[in-house]
Amino acid sequence: ILISQQQGNHPSNYSIHSNSKNIIIRGGPQGLFYGVQTLFQLIPINPSPATEKRITGFAIPAVSIKDS
């Protein structure tokens, strides 16, 4: 995971690019926070309390998101 602060844009802008090899989040100071929150939303979870198995791995979908 690469998180990179970029100057010059609005502080809350961000972008996320993910593929099978890496995840890149770029943005202003507030945008990095929002980008990480968006990444958390991409992590698949099993909301069922009936299954109490440990998660041994998961996959983040390949996406390209730009929020400005």
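In what order do the four strands of the open sheet run? The order is β1-β3-β2-β4, with mixed pairing; two strands count as paired if DSSP finds at least two bridges between them. Welcome to a predicted model, in which local features need pLDDT of at least 70, side-chain atom pairs count only at pLDDT 80 or more, and totals for chains, interfaces and linings use all residues. Residues are numbered from 1 along each chain as its sequence is written, and side-chain values use heavy atoms, with hydrogens and water left out.

**Sheet and helix**
- Strands (E, at least two residues) and helices (H or I, at least four) are DSSP runs, numbered from the N terminus.
- β1 (2-5) and β4 (63-67) are the edge strands, each pairing on one side only.
- From one strand to the next, the twist averages 10°.
- Four bridges join β1 and β3 in the parallel sense, and Gln5 stands opposite Gly27 in β3.
- α1 lies across β1, β2, β3 and β4, at about 150° to β3; axes are lines fitted to C-alpha atoms, for helices over the stretch in contact, and angles run from 0 to 180 degrees between N-to-C directions.

- Thr38 lies in helix α1 and is buried, with a relative accessible area of 14%; buried means under 20%, exposed over 50%, partly exposed in between (1.4 Å probe, protein chains only).
- Leaving out residues up to four places away in sequence, Thr38 touches Tyr14, Ile16 and Ile65, where contact means heavy atoms within 4.5 Å.
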